Every structure is written in structure tokens, then in C-alpha cells.
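Morning, everyone. Please have a look at the model on the screen, and then I'll walk you through a few spots.

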Amino acid sequence: MSAADSNLSDRTAPVLDWLASPLSDDADLELATLVRHLDELGRSDVSRSQLQRCLDLLHTRSMAISRQFRGRLAVASLPLTLGLHRSATRLVSALGKLVIWHEEVLNEIRHRLVRTLRRNPATISAKALELLGEQLTVAHLAGNSAPYDFWLKAHSLYAGSGAEAEPGQGDEAPESAKAAYKYLLAFSAAHPEGLTGKEICWLSEFIAGNASSTSIRHSPPGDDELGWFWLDPDQDTQPMSIHRRHPPDLDGLLYFSGEELARRATSLIDRLEGDAPPPSDFHAGLDRAEAASLLRRVREYWACPPRREHSRRRSQYAVRVCCGLDTIWKMLRDPGLPRQALYSSEWMVINESPTGYAIMQVTGTASDLTAGMALALRRSDGEPWTLCVVRWIRTETPEQIELGLQVLANSAKPVTVGFRNANRTRPMSPALVLPPVLALGRQQSILAPAGTYSARRFMLVSDTNRLYIAQGRLLSLDMQTAAVELFQYEIDPYPL
């Protein structure tokens with residue numbers, strides 16, 4: 001062995017020794033070690049063969065480290081603490097660096113026209129796409145969007161993986177690359193910015209086990225096919241629903257369908273809501289009711305994503321914000337509560353439409369924000385509160401927070417409700433009665449904490465001005481999120 005080769009071996013030896021050691025329980029230590037070794041490999045003049053030998057092991061180790069952080073991010077509220085946000089950012093960056101190295105190895109293989117079992121472009125592409133899938137999942141867990149050039153990398157890796165070659169070539173690598181690419185498309189199409197950390201982790205496992213059943217093709221779908229998305233491989237953009245925006249008249253577009261995922265979600269919902277035991281591969285993290293609620297929401301995005309009915313106009317004015325159903329309920333019951341107990345940060349509306357807002361935090365510190373939670377806002381003390389639900393959260397840094405809101409009502413009345421269920425006794429829950437919205441065909445409705453609804457009939461108690469007790473009858477369940485549920489009701493003319 002030459003002195004140069006010996007020097008190179010010495011430079012990679014600490015990395016290989018660490019990769020051969022067992023994974024410790026200290027996720028922060030593991031991430032710091034990963035980042036340090038990546039920096040060392042980036043500075044040293046390591047040959048491509050040695051780098052690829054490290055890449056295979058680094059891929060496995062980095063995925064295991066990311067799984068450790070998934071557990072911490074799943075239970076964290078947004079915005080993340082400074083320490084956890086820093087760790088998530090470093091992890092996303094480390095995964096991205098590994099993707100770049102996979103791309104460099106691929107470019108060298110194509111340049112030298114060398115294809116061996118250890119240097120199979122399809123296998124390398126599949127591993128890089130898996131890293132991109134983990135990078136996208138962690139980014140959304142941290143409240144971020146996909147990194148710059150993320151989708152261009154994904155489209156390029158898929159195109160160069162051979163996944164679109166004719167079947168029957170006896171190579172499973174293209175199928176693994178296609179499955180990893182489909183994971184990216186299905187995960188992005190499920191609107192993950194509108195999910196909680198626990199929901200993102202559970203959904204990631206569900207998609208990973210079912211993404212291969214989805215379809216990708218070059219020909220556009222028919223007019224009656226609504227569950228399709230289009231992609232322009234030359235643009236750094238995520239899948240766009242045909243139902244929401246028609247594809248441009250360009251050659252080379254790809255089309256992705258999530259209809260099979262929607263059907264599998266429906267099948268699992270029926271099983272979770274019935275008496276049958278959950279399937280053997282049912283993932284931990286959510287109980288049966290929570291998983292069914294999640295699947296109902298993402299099924300709509302896969303089958304027929306909602307169309308935006310109103311354009312949003314730019315705005316810039318300050319609003320006061322009250323977060324959380326319980327806090328809103330207390331505020332409406334007792335308007336004289338100290339302002340500091342209700343809201344400690346100032347927000348600004350940056351765009352709005354008749355059905356929603358996008359707001360940005362200006363001053364103060366927000367905490368315990370989750371997608372799907374209730375939120376009330378108003379411009380001044382003399383105006384009524386507008387009741388909304390948080391549709392998405394973006395927080396590139398702990399100090400920079402943006403929320404997307406869907407308007408539910410312009411007024412609300414605090415009550416308590418309790419459902420009559422012979423199988424289980426439940427305490428009365430705080431809830432808000434919302435006025436009917438005739439334009440939407442919605443009757444009087446109730447916004448209650450998630451999990452409140454359990455039967456057709458319930459008791460309603462109001463004691464703000466005078467005591468009022470009635471029995472209500474549920475008409476329809478219109479919305480379910482991880483935090484709240486909205487259902488229409490009527491006063492039962494024949495109470496039991």
C-alpha cells in the first residue's frame with residue numbers, strides 16, 4: 001500500500017469505526033458525531049470508492065439518527081425550542097449533504113461509464129431519494145418547508161434511476177427508487193404542514209408501506225379523473241392537484257395519482273371504526289380514533305383536493321390573537337380577564353380572503369401552537385372576535401411564525417356539552433356555539449375539543465346570562481382535526 005493510500009485509509013478509519021459501533025441513546029451526541037465526520041470527509045481528499053463505502057453505512061446511520069429525532073419532534077409543539085430547532089436544522093443539513101454526495105458519485109459513474117454491483121446507479125438513486133424523503137419529513141416536523149432545490153434533486157434522481165425502464169430486467173433497484181419517489185409525492189400531496197408532529201410521524205409510516213400502490217405516468221388524465229397531480233421536472237415545485245390548477249401545455253410533465261392511497265385509507269378507516277382488531281402492521285403513535293380522523297383528512301387531499309374558491313389579497317394590519325379553544329372559551333365567558341392571560345404577542349395579517357387569513361407574528365413569543373387548533377382574532381377591542389382554525393404552520397426560525405387560518409364564524413357563544421353514551425361516562429366539555437352560515441348551507445354548529453363527539457344526542461348547558469339546558473341532536477360531523485371537531489346540530493324536539 002502506498003503512503004497516499006495509507007493516509008487516506010487513516011482519514012476514513014475513525015468514520016468507519018464510529019459507523020461500526022452501536023447506536024447510542026443520546027440522539028444529540030449521535031447527530032454531533034455525524035456532522036463532525038461529514039465535515040471531515042468533506043475536507044479530506046478521499047477517493048470516490050472509499051467515499052461510497054462510507055456512504056452506504058452513513059445512509060443507514062443517518063436514517064437511524066433521524067428516527068431518534070422523530071420521536072422528540074413528534075411530541076414538541078411549535079415553535080420549537082432553540083435547542084431542538086438547531087438540532088432539526090443540523091439534521092436536515094446533514095441529510096442534504098449526503099444527498100449531494102450521492103449525486104456526485106452518480107455523476108462520476110455516468111462520466112466513466114462504470115457500472116458494477118457496488119456502483120449501480122439505480123441503487124444509489126434509491127438511497128438518495130430515501131434520504132430526501134427523510135429530509136422532507138423532518139423539515140415538516142420542525143415547521144419548515146422543503147429546502148431550496150429539493151424538488152429539482154428529487155425529479156433528477158428519479159429520472160436517472162432507471163425506474164421508468166421496461167419491466168422484467170431482473171433489477172429491484174428501480175422499483176425501490178420509484179417507491180422512494182412516490183413517498184415524496186404522496187407525503188407532499190397530504191398537506192403535511194396542516195398536521196401535528198404525531199400525525200406526521202404516523203402518516204409517514206402509512207405512506208411508506210403503501211406508496212408503491214400509487215401511479216405515475218406521462219399521459220394526462222381524463223376530465224373525470226380528479227385524484228391526479230401534475231409535476232414539471234424542470235421546476236423546483238411540489239406536486240400540484242389538477243383539481244386546483246390545470247397543468248401547463250408543456251412536454252415532459254409527470255402525473256401522479258393518490259386514488260389508491262385514498263382507497264386504502266378508506267379500508268383502514270372502516271376497520272378502525274368497527275369492532276375488528278387493527279391490522280398487524282398498525283403503527284404506534286395514534287390511537288384508533290385519532291388515526292381514523294387523520295386518514296379522513298388526508299384521504300380528501302389524495303382523492304379530490306379542495307379547490308381555492310377565493311383569491312387572497314395582500315394586507316398589512318395588526319391583529320390581536322387568542323390561541324386555543326379553552327382560552328377562547330374563558331375569554332368569551334369573562335371578557336374582563338387580564339389581557340396578558342389571553343394573548344402576549346402581536347400578529348399582523350399579511351393576506352386575506354373571505355374565508356381565511358395568513359398572519360405573521362410581529363412581537364412577543366408564541367408557544368404551544370399546533371395545526372388544527374382553534375384561534376380567534378380581531379383588529380381592535382371594539383370589534384367582535386373572528387373564530388378560525390389553524391390550517392398550516394410555518395416557522396423557519398423560532399422567532400418567525402406564519403399561520404394559515406380558515407374562518408369558521410364571526411361570533412361564538414361559550415357553552416358546555418356532554419354526549420350521552422352508555423358505554424362510557426364523560427365529563428362536560430367546554431365548547432363554542434357558532435351561528436348558522438346560510439351561504440354555506442350550514443346550520444347552527446358547535447366547536448368542541450377533539451374526541452368530544454361519541455353519540456347522536458348530547459346535553460348542552462349555557463349559563464352566561466341565564467341558565468339554559470337542552471338536549472341536542474347531531475346532524476353532521478363537518479370537521480375533525482387533532483385539536484377540535486365541528487358538528488352541526490339541532491335542538492331535539494323529543495328529548496329522552
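First, a term: contact means heavy atoms within 4.5 Å. This is a predicted model, so local features need pLDDT of at least 70 and side-chain atom pairs count only at pLDDT 80 or more, while totals for chains, interfaces and linings use all residues. Residues are numbered from 1 along each chain as its sequence is written, and side-chain values use heavy atoms, with hydrogens and water left out.

Start with Glu 352. What does Glu 352 contact, leaving aside neighbours within four places in sequence? Ser 311, Arg 312, Arg 313, Ser 315, Tyr 317 and Tyr 357. Two of these partners come up again as polar contacts (N or O atoms within 3.5 Å; within protein, one must be able to donate a hydrogen and the other to accept it, and residues adjacent in sequence count only if both atoms are side-chain atoms). The Glu 352 side chain reaches that of Ser 315 at 2.8 Å. With the side chain of Tyr 317, the distance is 3.0 Å.

Is Glu 352 buried or exposed? Buried, because its relative accessibility is 12%. The cut-offs: buried is under 20% relative accessible area, exposed over 50%, partly exposed in between, with a 1.4 Å probe and protein chains only.

Now cysteines. A disulfide here is a pair of cysteine sulfur atoms within 2.5 Å. The structure has zero. For Cys 322, the nearest cysteine sulfur belongs to Cys 323, 6.9 Å away. Cys 322 is buried, at 0% relative accessibility. Cys 388 is buried too, with a relative accessible area of 0%.

That's my tour. Thanks.
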